[in-house]
Amino acid sequence: MKAYELTLLSPLYYRSRIESGAAGATITSPWIGDLSMMYAINNTFCYKQIKFGYASHKPNYSEIADLGFLLSVLEPVSECRFTKVFDIATSFISEGYPQGKAIADSGRAPMRNWMRRQGIEPGNKFSFVGCFLEDRAKFSESFTVRLGNTRESLAIVKEKPIQDIKEITLNLYSLSLILGPDRFSEILKDIKSGRYHISVEQASSQYILARGVPISVASRFFAPFN
């Protein structure tokens with residue numbers, strides 16, 4: 001198991017969650033998902049060719065199961081600094097004549113011509129750990145990745161002492177994909193026992209976060225990765 005620190009070199013935008021009270025308003029959560037980071041690292045080191053599914057509307061996260069590594073969720077080293085709120089509006093008048101047929105076809109569904117976005121500022125730092133199968137994927141001590149919507153955010157990753165990290169956050173969804181149902185059932189049983197005082201939060205269908213996992217416990221969860 002190795003520890004890493006990611007530093008944002010440009011603003012990071014994810015449509016992590018909907019902001020209440022405004023159609024089309026999204027906010028970036030103050031953490032970076034392990035699934036997103038695994039794809040970003042694979043794009044950097046080219047461990048496996050993963051083709052973009054132009055004709056598919058559903059992600060296939062099982063394709064990450066044999067990359068040879070797994071990660072914890074990236075948590076901020078200190079309180080996140082967010083960008084200002086950006087309002088993006090369009091006008092049917094400035095864009096030409098209204099598309100009458102499109103408006104009619106939409107029926108009572110609203111057409112989104114106004115969006116609000118908020119991301120995370122450059123300079124924010126996030127820590128995480130990575131575990132590897134023997135003789136499989138290995139990371140450089142320092143490397144860059146692209147993250148966020150349309151991969152528009154650049155970040156640098158550097159290895160750090162594992163002793164600097166006491167607790168981590170795990171994504172139970174990705175563990176179930178990578179470790180398999182039998183091993184995952186054992187982990188889930190340990191978490192439900194309550195002896196580790198781990199809290200579980202469902203941020204989305206692909207991010208079921210187990211927070212406050214001690215490093216010593218995580219090393220047992222990650223087997224056969226080390």
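Two strands are taken as paired if DSSP finds at least two bridges between them. Helices (H or I, at least four residues) and strands (E, at least two) are DSSP runs, numbered from the N terminus. The model is predicted: local features need pLDDT of at least 70, side-chain atom pairs count only at pLDDT 80 or more, and totals for chains, interfaces and linings use all residues. Residues are numbered from 1 along each chain as its sequence is written, and side-chain values use heavy atoms, with hydrogens and water left out.

Strand β1 (residues 2–8) and β8 run antiparallel and are joined by six bridges. Within this pairing, Y4 stands opposite F128 of β8. Strand β4 (residues 69–71) is also antiparallel to β8, through three bridges. Here F69 faces F132 as its opposite residue in β8. In β8, S127 stands opposite E75. Strand β8 itself (residues 125–132) is mostly covered, with seven of its eight residues buried. Buried means under 20% relative accessible area, exposed over 50%, and partly exposed in between (1.4 Å probe, protein chains only).

The largest nonpolar core has 57 residues. Such a core is a set of buried Ala, Val, Leu, Ile, Met, Phe, Trp, Tyr and Cys residues joined through side-chain atoms within 4.5 Å. L6, M37, V145, L147 and F222 have the most contacts inside the core. Contact means heavy atoms within 4.5 Å. Not counting residues up to four places away in sequence, L6 touches residues including I32, M37, L74, F126, F128, V145 and L147.

An open sheet is formed by three strands in the order β11-β13-β12, with antiparallel pairing. Its edge strands, β11 (167–171) and β12 (199–204), each pair on one side only. From one strand to the next, the twist averages 25 degrees. Helix α3 (residues 172–179) packs on this sheet and touches β11, β12 and β13. The direction of α3 makes about 70 degrees with that of β11. Axes are lines fitted to C-alpha atoms, for helices over the stretch in contact, and angles run from 0 to 180 degrees between N-to-C directions. Four bridges link β11 and strand β13 (residues 207–214) in the antiparallel sense. The bridge partner of E167 in β13 is P214.

S62 lies in the loop between α1 (34–45) and β4. Its relative accessible area is 40%, so S62 is partly exposed. The C-alpha atoms of S62 and L177 are separated by 6.1 Å, although the two residues are 115 residues apart along the chain.
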